[in-house]
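I opened my notebook to look up a few places in this structure, one after another. These are my entries, in the order in which I went through them.

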Amino acid sequence: MGKVHVFDHPLIQHKLTFIRDTETGTKEFRELVDEVAALMAFEITRDLTLQDVTINTPVGESTSKAIAGKKLGLVPILRAGLGMVDGILQLMPAAKVGHVGLYRDPATLEPVEYYVKLPSDVQDREFIVIDPMLATGGSAAEAITSIKKRGANNIKLMCLIGAPEGVEVVQEAHPDVDIYLASLDEKLDEKGYIVPGLGDAGDRLFGTK
């Protein structure tokens, strides 16, 4: 079963408080989401493999460390996932970015794929699937399925906030995928919103209703 990692770093928790606050406007909300995404990326990449490389410093030759192994790919789930990408790219500018678009079928309420675009070297990359909210878990699970169908075999899920119900859905569908959260909240309400949550992440990021 994939592990659930909840980051308790003081800076992440401090900034998440202001992200939740209804008084936080669109501009500041976007900036804070970028900042928390960058801080989470710092934590999520802690287990990347290193290798020794030989370089020349201004003083002489040195054996130093560089990231080895699989390259990184970021896959935001449209549209709210886009709000976290820039913050992560600040730390990992060489990462390639794919996209997964899903909509909810009004009859079945199940997520349906309408757009998937990934880097061509899927099998050679470690992918981080990105969405601010892990609520029911349906969209995240379907996005991961879409990526796996195209050959990805090393995937992590990164969300600002998760509900226990969504975590359970993803774990059951994809027991090989670790989940990374800034907060694991209490529950979902009757409308499927995370409690206490932060409202609709897409609307708050893009100023829509």
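I began with aspartate 34, which touches Gly83, Met84, Asp86 and Gly87 when residues up to four places away in sequence are not counted. I kept in mind that the model is a predicted one. Looking up where aspartate 34 sits, I found it in helix α2, which covers residues 26-44.

I then asked myself: is aspartate 34 buried or exposed, and how far away is the nearest side chain of opposite charge? Aspartate 34 turned out to be buried and yet without a salt bridge, for the nearest side chain of opposite charge belongs to arginine 30 and is 8.4 Å away.

**Two cis peptide bonds**

Next I turned to the backbone, where I noted a cis peptide bond between leucine 78 and arginine 79, with omega at about 0 degrees. Arginine 79 has its place in the loop between β4 (71-78) and α3 (82-91).

I noted another cis peptide bond leading from valine 195 to proline 196, again with omega near 0 degrees. Proline 196 lies in the loop that runs between β13 (194-195) and α6 (201-206).

**A nonpolar patch**

Last, I looked at the surface, where Val4, Val6 and Leu184 form a nonpolar patch whose accessible area comes to about 210 Å² together. Of these residues I followed up leucine 184, which I located in strand β11, residues 178-184.

Conventions
Residues are numbered from 1 along each chain as its sequence is written. This is a predicted model: local features need pLDDT of at least 70, side-chain atom pairs count only at pLDDT 80 or more; totals for chains, interfaces and linings use all residues. Side-chain values use heavy atoms; hydrogens and water are left out. Helices (H or I, at least four residues) and strands (E, at least two) are DSSP runs, numbered from the N terminus. Patches are made of residues with over 30% relative accessible area and no salt bridge: like charges are joined within 9 Å, nonpolar side chains (Val, Leu, Ile, Met, Phe, Trp, Tyr) within 5 Å. Accessible areas come from the Shrake-Rupley method with a 1.4 Å probe; for residues, only the protein chains shown count as cover. A salt bridge is a side-chain nitrogen of Lys or Arg within 4 Å of a carboxyl oxygen of Asp or Glu. Buried means under 20% relative accessible area, exposed over 50%, partly exposed in between (1.4 Å probe, protein chains only). Lys and Arg count as positive and Asp and Glu as negative; His and the chain ends are not counted. Contact means heavy atoms within 4.5 Å.
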